[in-house]
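Please open the model in your viewer and keep the selection panel at hand. The stops below follow one another as a sequence of selections.

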Amino acid sequence: MYGKKILIVGADTNALHAFSGDFEMELVSSVSFIDSILFTFMPDIIVLDSMFDVDVRSIRTNPKLSRTPVLLVAENISYFKNFSQIISLPYLLLCNSAILSNQDFQNHLKKISELKVKLLPPKTGSLVKQTILNINLSYSQPITRDTLAQKLNASSDYLSRVFKKEMGMQLWDYVNAYKLSEAKNMLLETGRSIKDISLSTGFSDPAYFTRLFRRMYGLSPSAFRSR
């Protein structure tokens, strides 16, 4: 796998840390600088840390990059006004920054860069992206596969299947990773109780929340906050 190239566009350093060692990397501050490096660096994947429709389209209209997979990364996806235009574009992945460290997702990106895995067609892929949007919008409530599927008029089995194909990870793992990331931010930025944070991220059982948090971050919520 080593030697595959990833181009990171923007100022988010999370991607640099997530993919260091697995990819040859270049970093530019905006899409306007991409053309200048294509003579010496042709990326296998492009990572954008913003969701401006014009940025994605400028890549898609570049004949050298028209089929290069693009990964859009954002901490929170719920507020983008141009979401419906973005998700219709081909060769496009979308994820929250909290997912970058997920090993299954990283392995999936490596397979995509090696052309061992193909991205879903835009219509099917948009179903996955809308699911991610709905997770972002409703993370504070209890979420089930059925409730996510019902919002999109799909069966829960079908949604789970296409989500795994598109993202390389289970739908439920994505839901928990995003919820726990929001909980982590609350622990760092507020003085709210563990129970309150648990309920605010859709976990009705604080003990279950604590087990999941420790599994993901290696510390209990209280120990994480203290550190």
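Select Leu115, in the loop between helix H5 (103-113) and H6. This is a predicted model. Display the backbone torsions here: Leu115 is not a glycine, yet its phi is positive, at about 65°. Is the residue buried or exposed? With a relative accessibility of 73%, Leu115 counts as exposed, because the threshold for that class is over 50%.

Next, select Tyr91, which is found in the loop between helix H4 (83-86) and strand S5 (92-96). Tyr91 likewise is a non-glycine residue with a positive phi, here about 55°. Its relative accessibility is 28%, so Tyr91 counts as partly exposed.

Now select helix H6 (residues 122-138) together with helix H8 (residues 156-167). At what angle do H6 and H8 pack? The angle is about 95°, and the axes lie 9 Å apart. H6 is therefore roughly perpendicular to H8, a class that covers 65 to 115 degrees.

To inspect this contact, show the side chains on both helices. On H6, pick Thr124, Gly125, Leu127, Val128, Lys129, Thr131 and Ile132. On H8, the contributing residues are Tyr158, Leu159, Val162, Phe163, Glu166 and Met167.

Finally, colour the selection by residue class. The contact of H6 with H8 comprises eight nonpolar, three polar and two charged residues.

Terms used
Residues numbered from 1 in each chain as written. Predicted model: local features only at pLDDT ≥ 70, side-chain atom pairs only at ≥ 80, totals over all residues. Heavy atoms only, no water. Axes fitted to C-alpha atoms, helices over the stretch in contact; angles between N-to-C directions. Helix = DSSP H or I, 4+ residues; strand = E, 2+ residues; numbered from the N terminus. Parallel < 35°, antiparallel > 145°, perpendicular 65-115°, else oblique. Contact = heavy atoms within 4.5 Å. Nonpolar A, V, L, I, M, F, W, Y, C, P; charged D, E, K, R; others polar. Buried < 20%, exposed > 50% of the residue type's maximum accessible area, 1.4 Å probe, protein only.
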